[in-house]
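Trainee: I would like a close look at a single helix in this model. Please take one and go through its form and its surroundings.

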Amino acid sequence: MRPAAVTVLEGAETDAGAIGRRAGWLSLLGELLAGATAEQLRPHLSALLATVARPVFCVPGRASDDDAGASFAATQLRLCSFLGQLISSAGAACASGDNGLLLYSALMRVASVPSSAQHGFASQRRAIECLSAMAAAVDGGSAEALHAVFLPPLLAQITAGETYKSWKVDSAEWHLFQALCRQAGGATCARVLLLLLPPLAAVLSPKEEPTLRLTALSLLDSLLSAEGFLAAPEWAEMGEHVLAAMLLPNAVWRAGKPAEHVRLASYSCVQKLLSADAISGEQLGAHMGGALPLLVAGLDDDNVESRRIACVILATALRRLGPSRVSHEQMRQLYPELTKRLDDASDGVRVAACVPLVAMLEQVRYSASWSEAHNFDRTNFGYFVNGLLVHLDDPDPEIQAAVAEVLERAAPIDPPEFCSLVRAVRGRHRSSKLCDALLENAGGHTGGTLV
């Protein structure tokens, strides 16, 4: 087998003709496999698997044209069929140890090839099926167990020497990295977090093209949603670095639709990161000087979903920080911008804005007069409540109810001042029902005095 077939397969050519010839040799090898036993195959497995696991064997280094793509797709499908036969014939001998890593690498490279309208997902699906067969060949194990064994060494290989710093959106190694992360599952990826983050940080650099950053943010979003990924103990240290170095720089406003999509993807990742316990209040507080202006800017983003997610992020961030870490200046920066969202063109955003408003009130350290020890005074309290009272008379009942809930939370901060402000506008509202309810809950009565 070695002299005739493997030697030819070892060729370094990557043109369509060479790739097509490899398909022919794989067909021949498949025929030979039909009558071979595991013992007969064992001496040849290492050389054979090392050959087909090479990055250039049948996976283009960059996107290829339609004609070349057809040759690659046909050879990829043929390779999967051959490897399926090899697993069936050789069993655990080709599915474990060093041979297993080579086989895993070959299959994952095929699984990582982007699909196209012309060539579909046939070879990718076949590669995933072969992975399941490979796992079963090793004591009936699962694909998850297979990834747990072989993902770390393969990741180490493709990230060695920081080659990821030159990855582009169509780089084969970047596609392989994505496929590994998506197929392995959250818990397995959590165990190699320190291998995953440097490549992600590199491709998320603001100097990279928006399309590359967008695919990276999509991958990170998927990982943050995956069960077990945020359970890695390293998150206690790395969470703030992911926020500050990878996500916030991509939330900076830049002109154009691609940049808008990048911001949205970044906000989505920030939301998921903060919703978990990956960043402590102390860590978050250390970065709020740079984060808060970006999040406040998100409230005014052109994209309605970015505005909505910015509301969710601010609510989560405020509660994570706690009253002691929210300054007077930050409160003054926040409440006018959040109140402004009650005039948003989207009713969904208007309702969503009430959530961080409630969260903000939960962090209030109040004093009637300004004091360094407090973060909210009567002057700002008055501006804040008056801004809300305008929307208490909104034609939309859902908006009325959401604003009323915020006002109910505001009332205990300074009940006399609150009741005075409500009474001042009560007569101008189309209905006094909500104002009366607020006064009653605050301990006051229409035309009476606060008890």
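**Helix α13**

Mentor: The buried residues of α13 are Trp235, Met238, Gly239, Glu240, Val242, Leu243, Met246 and Leu247. This is a predicted model, and the protein chain has an average pLDDT of 88, with 89% of the residues at 70 or above. An α-helix has 3.6 residues a turn, so residues three or four places apart point the same way.

The cover over the buried residues of α13 includes α11, α12, α14 (257-275) and α15 (281-298).

As to its form, α13 runs over residues 235-247, 13 residues in total. A straight helix would reach 18 Å at 1.5 Å a residue, but the end C-alpha atoms of α13 are only 15 Å apart. There is a bend of about 30° in α13, located at His241.

α11 spans 193-203 and α12 spans 210-225, and Glu208 is in the loop between them. Glu208 counts as buried because its relative accessibility is 9%, under the 20% cut-off. Beyond four places in sequence, Glu208 touches Lys165, Trp167, Lys168, Ala202, Val203 and Arg213.

One caution on confidence concerns another part of the chain. Over residues 445-451 the pLDDT stays under 50, and the model has 17 contacts beyond four places in sequence for these residues.

Technical notes
Residues numbered from 1 in each chain as written. Predicted model: local features only at pLDDT ≥ 70, side-chain atom pairs only at ≥ 80, totals over all residues. Heavy atoms only, no water. Helix = DSSP H or I, 4+ residues; strand = E, 2+ residues; numbered from the N terminus. Buried < 20%, exposed > 50% of the residue type's maximum accessible area, 1.4 Å probe, protein only. Contact = heavy atoms within 4.5 Å. pLDDT = per-residue confidence, 0-100. Expected span 1.5 Å × (residues − 1). Bend = angle between axes of the 7 residues up to and from the residue.
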